[in-house]
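This report goes through selected local and overall features of one structure.

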Amino acid sequence: MSAATSGANGAVAETAVGGRLLPKLADPAAPLLVVENLKTYFSLDGATVHAVDGVSFRLERGEALGIAGESGCGKTTTALSLIRLLPPNAKIEEGSIKLYGIDLVGKSDNALRRYRWREVSIVFQGAMNALNPVHRLSDQIVEPLTQRLGLSEKAARRRAGELLELVGIPKRRGGAYPHELSGGMRQRAMIAMALACDPAIVIGDEPTTALDVMVQAQILALLEDLRHKLGLSLILITHDLSVIAETCDRVLVMYAGRVAEEGSVDEVFRRPRHPYTQKLLAAFPNIRADRRTLDVIPGSPPDLRHPPPGCRFAPRCPFAMPVCTEVVPPEVTFGQVRVACHLYPPGSDGTQVTTAPPNAIGATVPLVEPPPAEPPLEIARG
Amino acid sequence: MDEHVSSNPTPSTDPGPAADEILRLEGLEVHFPVRGGLIDSLLRRPRGVVRAVDGIDLTLRRGEVVGLVGESGSGKTTTGRVVVKLTRQTAGRVSLDGQDVSTLWGTRALRDYRRRVQLIFQDPYETLNPKHTIREFVMEPLVVNGIGTPAERESRVTDALEAAGLRPARDFAARYPHEQSGGQRQRVVIAGALVMDPQVIVADEPVSLLDVSIRTELLRLMLDLRAERGLTYLFITHDLSLAWVIADRIAVMYLGKIMEIGPAEQVIRSPHNPYTQALVSVSPTPEPRTAGERAKRTILVGETPDAANVPTGCRFNPRCPYVFDRCRVEEPPLFDVGGGQSAACWLAEGGRSLPVLPARPDPIPDPMPA
């Protein structure tokens, strides 16, 4: 893979680590990606939407990080901020995004072009919208290779063929137009395009959401396979926690523009600490658990033009205490997990300070009615 | 239009098993002709057919939720469209309350049927006309069907909105769809179905576009309405785990046929058809799996074939990990495997269980079909 990249644009590439050429000024010892206190706001009808409001995380080489949350929690905005593919009314107000130690926030749009696709690429959800319907598949892959990497037409064609095979599309299908391919094949083509410039990080923004279960399983297996084969780092944005459980090493749960909880998938899924994570997990149907338990999160997320003071989940939280509506909970780290919740104050041992109120989390109640003889039960209202 | 079909069917007087059944599909087929080219017609070549639904039998009992599960191209949506009479079957029978309604067509003849069988679509953003208020949307079916006086219509709209959890109804009635959240819009769509006071609701992916936290409330609403109004649901979804939480029985469709049907818990816990087994194995759960568990997944190769070229024998045979000679030539019927569960697979003949597949290495090799 790197053989194709090395000839291109040699003036910029200076340092090589693990066969990869790093951008000028890169610190080979620095972590791959460190995001600190990222704030991306939208201006909408004269108001400011605090879409991403102080998000920090890091991504190591070869790691897969899942960013989870519901619509409007800021997960996509966080990802798009990384390569600044933001709509015109959005702006990164504060914070830093350091790739190999280089801060991308201060870079001009032009300077950022060196990083987009070549260091960080993205696979979007709707492959039909992202692919150009009037161009053949291989032509769409060849274009960035000739334009961004400066490959010759012939070399680019050869590389496009390799990329298609890599994602499981027979080379001869490269002559097809997007509409001639199935949804799964189009998503594979999108992945081939994202890999074209040999990036270090691939962001998948709901990459399998519109696909059938079996095709989703195929695509997720492909991403996993590519990650191991190419040493990629992956950021998977999805509302579907089960997809993260299947594919990622770590998970970052976002709520209303902030990090609720972050940690290893094993730890967060098996022992969720933040009440939002607990609720979200309990609201997911799980065919390997008891089907009579499905939780409801009462209310709806806050209006991010006027986010509530204190913890943003407090209005919906069954554990809310007076402090929650006044003070923003600090992020506290317990071993492999970081959690922002007053139930886990700094210095505590990471166990919840209060016990669950009756009929709340843990006390999950049936969705499906028990046999008619029993009195009907209510779903938790918190 | 047809003598033996009354436009006002009365409940079946048959005692026995038919008494509690409300909807029955028998040998249902929907074959769409493939439009041939000029050359084809000059040469009198036979035109192809897309066998969207290829002979299914399905009975819904009163007050039951049947989950119809399948991937794209399985024919699940077409089946739903036949039930609500938006698509004409090419063969087979549809009966409601013991009355054959197969040949009932046309707006007038269907007026009563449409009142009793309602459809809820997937996308509340597209179903609702942005220029109509919620009141206008919910009232429309009453107006179109000439039901009630203006005052009666108002009260039915209020009842329907409140039953769908939009309380107080007066506050919601005058609003426009864009002012509502996704969950509220889907409630408006449900109110639009309830206003006709139906017996059967065909719900096609009713919560698939909603966030999980909202989903549960809507599923709960649907089940509450069943309890209060004795509704029967045909719940169509691609999501096995969703069917599993809401349905009493699950029917799994593949390429126009029902591959397996039975009580939800049984179909998930002990699938007897290899396709169901594979679907269950890859259904993601919010629970990290060990490498050993992951290796036991059956990721099928390729995608559902084109319904214009249904494989001979068992239609699943080209992708089946258990395939043997008989599967390639002879199509298996649904075999009873006990407990009200049946599976269309030669390995299920006589109620046998599927043999255990050897675990595959992980990550799974990923070849593509030619």
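Glu206(A) sits in the loop that links β9 (201-205) to α8 (213-230) of chain A. Helices (H or I, at least four residues) and strands (E, at least two) are DSSP runs, numbered from the N terminus. The model is a predicted one, in which local features need pLDDT of at least 70, side-chain atom pairs count only at pLDDT 80 or more, and totals for chains, interfaces and linings use all residues. Residues are numbered from 1 along each chain as its sequence is written, while chains are lettered from A and ligands numbered from 1 in the order in which they are written. The phi of Glu206(A) is near 50 degrees, a positive value in a residue other than glycine. Glu206(A) counts as partly exposed because it has 18 C-beta neighbours inside 10 Å. The scale used here calls a residue buried if 20 or more other C-beta atoms lie within 10 Å of its own, exposed if 12 or fewer, and partly exposed in between, with C-beta atoms placed from the backbone.

Lys85(B) is not a glycine, yet has a positive phi of about 65 degrees. The loop between α2 (76-83) and β4 (91-96) of chain B holds Lys85(B). Is Lys85(B) buried or exposed? Lys85(B) is buried, because 20 other C-beta atoms lie within 10 Å. Pro168(B) belongs to the loop between α6 (150-163) and α7 (169-173) of chain B. As background, most residues other than glycine have a negative phi, and most peptide bonds are trans.

## Chain A: overview and one strand residue

Chain A contains 11 helices and 14 strands. Of its 382 residues, 49% are buried. Among the contacts in chain A with a separation of 6 or more, 61% are between residues 24 or more positions apart. A contact here means that the C-beta atoms of two residues, placed from the backbone, lie within 7 Å.

Ser96(A) is part of strand β6 (residues 90-99) of chain A. With 15 other C-beta atoms within 10 Å, Ser96(A) is partly exposed. Not counting residues up to four places away in sequence, Ser96(A) touches Glu36(A), Asp103(A) and Val105(A). Asn37(A) is 59 residues from Ser96(A) along the chain, and their C-alpha atoms are separated by 6.9 Å.

## Two helices of chain A

Helix α7 of chain A (residues 183-195) has 13 residues, which at 1.5 Å a residue should span 18 Å; the end C-alpha atoms are 19 Å apart, which agrees. The expected span is 1.5 Å times one less than the number of residues in the helix. In α7(A), 12 of the 13 residues are buried, so the helix is largely enclosed by the rest of the structure. Among these buried residues are Met185(A), Arg186(A), Met190(A) and Leu195(A).

For α8(A), the 18 residues should span 26 Å, and the end C-alpha atoms are 25 Å apart, which agrees. Here 13 of the 18 residues are buried, so α8(A) is also largely enclosed by the rest of the structure.

## Nonpolar core

Which residues touch the most other members of the largest nonpolar core? They are Ala192(A) and Phe235(B), in a core of 211 residues. The largest share of this core, 10 residues, comes from α8(A). A nonpolar core is a set of buried Ala, Val, Leu, Ile, Met, Phe, Trp, Tyr and Cys residues joined through C-beta atoms within 7 Å.

Leaving aside neighbours within four places in sequence, Phe235(B) is in contact with residues including Val65(B), Leu68(B), Ala203(B) and Ile246(B).

## Strand pairing in chain B

Strand β1 (residues 21-33) of chain B pairs with β4(B) in the antiparallel sense over five bridges; two strands pair if DSSP finds at least two bridges between them. Arg24(B) has Ser95(B) in β4(B) as its bridge partner.

β4(B) also pairs in the antiparallel sense with strand β5 (residues 99-100) of chain B, over two bridges. In β5(B), Asp100(B) stands opposite Ser95(B). The hairpin of β4(B) and β5(B) has two residues between the strands, and Asp97(B) in this hairpin takes a positive phi near 55 degrees.
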